[in-house]
Every structure is written in C-alpha cells, then in structure tokens.
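Student: I would like to be guided through the protein chain shown here. Please begin with the terms that are needed.

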Amino acid sequence: MSAAKIKKGDRVVVITGRDKGKRGEVVRVLPGADRVVVSGVNIVKRHTRPTPASAGGIVEKEATIHVSNVLHIDPKTDKPTRVGFKTLEDGRKIRVARPSGEAIDR
C-alpha cells in the first residue's frame, strides 16, 4: 500500500494489532517510512526530563503505525474500504472507495 492513498485529515480504522477496531483521523503522514500517526491510536508513554519549556514527567503521545495496518472509512457505508483512483473529465485524479465508488477526496 502506498502512502499516497492515505493523506492528512483522512478518517481511518485500524485493522490489526493492539488497537484493532479503533477509528481516528490521520494527524501526520511519513511517506518515506510508510507510516502514519492517527489521533487516539497507538498511545505510548514517554518519560521526559524537565526543560525550561516543559515541566517533564510522563507524557502520553501517539506513536506511528504502519500504513498497511489502517483502512479508509467509506463515506457512504461507514465501513472499512480499500482505495482506488479515478480520473475525472476535467483531468483531476481523485481517490474513490472501492465498494461504493464514492469519492474520498473532498
């Protein structure tokens, strides 16, 4: 799966692993590593030392998850779906949900 199929702001569902079934919005995409950061998914605790800017302590944050472990949520059926591409008459290339054919791009 290429990272171009998933972009920042997309609604996705985790399909495998500890957070299977959780839904969230893509906060960040790392195309070079084929990884994404999804809000509320793959929460890890980091022990940080105090700096002048922050107090330090145990901080919870979202870690990256591999792009193959998430699927788009179909805008029409609200179920996980694979992504295809379609070229419109005006030449634009958009992403579409495979089962319903509904456009994912806004």
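Tutor: Buried means under 20% relative accessible area, exposed means over 50%, and partly exposed lies in between (1.4 Å probe, protein chains only). This is a predicted model, in which local features need pLDDT of at least 70, side-chain atom pairs count only at pLDDT 80 or more, and totals for chains, interfaces and linings use all residues. Residues are numbered from 1 along each chain as its sequence is written, and side-chain values use heavy atoms, with hydrogens and water left out.

Student: What percentage of the 106 residues of the protein chain count as buried?

Tutor: The cut-off for buried is under 20% relative accessible area. Of the 106 residues in the protein chain, the share that counts as buried is 28%.

Student: How many strands are there in the protein chain?

Tutor: Helices (H or I, at least four residues) and strands (E, at least two) are DSSP runs, numbered from the N terminus. The elements run β-β-β-β-β-β-β-β-β-β from the N terminus on. The protein chain has zero helices, and its number of strands is 10.

Student: What is the radius of gyration of the protein chain?

Tutor: The radius of gyration is taken over C-alpha atoms, and the globule rule is 2.2 Å times the number of residues to the power 0.38. The C-alpha trace spans about 55 × 30 × 20 Å along its principal axes. With 10 strands and zero helices, the protein chain is more spread out than a compact globule, because the rule gives 13 Å for 106 residues and the radius of gyration is well over that, at 17 Å.

Student: Is aspartate 10 buried or exposed?

Tutor: Aspartate 10 lies in the segment before β1 (11–14). The side chain of aspartate 10 reaches the backbone nitrogen of lysine 7 at 2.7 Å. Since its relative accessible area is 2%, aspartate 10 is buried.

Student: Where is asparagine 42 found?

Tutor: Most residues other than glycine have a negative phi. Asparagine 42 has a positive phi, near 60°, and counts as buried because its relative accessibility is 18%. Its place is the loop between β3 (35–38) and β4 (43–48).

Student: What is the relative accessibility of aspartate 78?

Tutor: Aspartate 78 is in the loop between β7 (70–73) and β8 (80–81). Its phi is positive, near 60°. Aspartate 78 counts as partly exposed because its relative accessibility is 38%.

Methods:
Polar contact = N/O pair within 3.5 Å; in protein donor to acceptor, adjacent residues only side chain to side chain.
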